[in-house]
Amino acid sequence: MTRDAYADRCEDLFALGGFTEARKAAEAGLAELGPDPVLYRWLGLAHAAEDDDHDADVEAAYEAGLAQWPDDLGLLVSYLELCLRADTWSYPGRAARVERLKERIAVLAPAGSPEAARVDAALGWAGRGYWQDVRQRTAAATADRAASTSHADDVAEALARGGGRAPAHPEDLRAVEVAAALELLDGPGRAPLRLVVRHRAAAYATALLLAIATNKALVLSGTVSYSVWGWIWFVPLLLAESRLRQARRLARERVIAATAARHAAAPEAGQASAG
């Protein structure tokens, strides 16, 4: 497999959230092709996205690349991002490298150049303050809620059509999410969950009214002085939401596996054509 093929594989897997798979792809590329600045960068980025505990591995990847390609702008910017995030008390060495890296990047990407614009865009999130972090987390949570609502709507529409579990393409994430949800909601015992998903808004409104009425009835009857038992009406809704979240996770795993399989099969197809 060529360097570009490995880089494309890392990019596709990384974009899907398959950070472990992207890291393994970069490691496989380095093992097969030898040192390469692009693959070292993907290795570092994948390590960084996997977990904060991987920072030492991230640094090792960038340093290994820069040892052979000290002027590689991608590696320098990625290393600078890592150093900007470093805690000055826990990792004073990384924090101390920030100015040196900035100076080197400024030489390779002078102000006003296209390279400088790309550097600024790449570093836009690094070194941000507390309130910027809060805003970013809020925006991410809002986007995730919107995606969950859209997914629930897609599943409800599919249920209304009577199902249909085969997505058009194994890497079509949205279609695979719907197929996974239909699979997890299938069966006679899950009919109430399917009903909740099909009529989600009405189900929430009905559950709220039933919860209030049940609590009030229990208190007025003298059975209890204060009741929360009415909220048990929300249990089917919570179970349905849990199935939908599980479906999204399962779909992402399946799409990552399909993407990895496609990239793995590409060299074999190329060899067969050459033969």
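## Helix 3 and helix 4

In this predicted model, the axes of helix 3 (residues 37-50) and helix 4 (residues 55-68) come within 8 Å and cross at roughly 170 degrees. Because angles over 145 degrees count as roughly antiparallel, helix 3 is roughly antiparallel to helix 4. On the side of helix 3, the contact is formed by Tyr40, Arg41, Leu43, Gly44, Leu45, His47 and Ala48, while helix 4 contributes Asp57, Val58, Ala61, Tyr62, Ala64 and Gly65. By residue class, the contact of helix 3 with helix 4 comprises eight nonpolar, three polar and two charged residues.

## Helix 5 and helix 7

A second pairing joins helix 5 (residues 73-85) to helix 7 (residues 98-108), whose axes come within 10 Å and cross at roughly 150 degrees. This crossing angle makes helix 5 roughly antiparallel to helix 7, and the crossing of the two helices is left-handed.

From helix 5, the residues Leu73, Leu76, Val77, Tyr79, Leu80, Cys83 and Leu84 take part in the contact, and they meet Val98, Leu101, Lys102, Arg104, Ile105 and Leu108 of helix 7. The residues of this contact between helix 5 and helix 7 divide into eleven nonpolar and two charged, with no polar residue.

## The largest nonpolar core

The largest nonpolar core holds 59 residues, and those with the most contacts inside it are Tyr62, Tyr79, Val155 and Val197. Helix 13 (residues 235-274) supplies the largest share of this core, namely eight residues.

## The chain as a whole

The secondary structure of the protein comprises 13 helices and zero strands, so that the pattern read along the sequence is α-α-α-α-α-α-α-α-α-α-α-α-α. Of the 275 residues in the protein, 33% are buried. Among the contacts in the protein with a separation of 6 or more, 60% are accounted for by residues 24 or more positions apart.

Note on methods. Residues are numbered from 1 along each chain as its sequence is written. This is a predicted model: local features need pLDDT of at least 70, side-chain atom pairs count only at pLDDT 80 or more; totals for chains, interfaces and linings use all residues. Side-chain values use heavy atoms; hydrogens and water are left out. Axes are lines fitted to C-alpha atoms, for helices over the stretch in contact, and angles run from 0 to 180 degrees between N-to-C directions. Helices (H or I, at least four residues) and strands (E, at least two) are DSSP runs, numbered from the N terminus. Angles under 35 degrees count as roughly parallel, over 145 as roughly antiparallel, 65 to 115 as roughly perpendicular and the rest as oblique. A crossing is left-handed if the near helix is turned anticlockwise from the far one by less than a right angle, and right-handed if clockwise. Contact means heavy atoms within 4.5 Å. Ala, Val, Leu, Ile, Met, Phe, Trp, Tyr, Cys and Pro count as nonpolar, Asp, Glu, Lys and Arg as charged, and the others, Gly among them, as polar. A nonpolar core is a set of buried Ala, Val, Leu, Ile, Met, Phe, Trp, Tyr and Cys residues joined through side-chain atoms within 4.5 Å. Buried means under 20% relative accessible area, exposed over 50%, partly exposed in between (1.4 Å probe, protein chains only).
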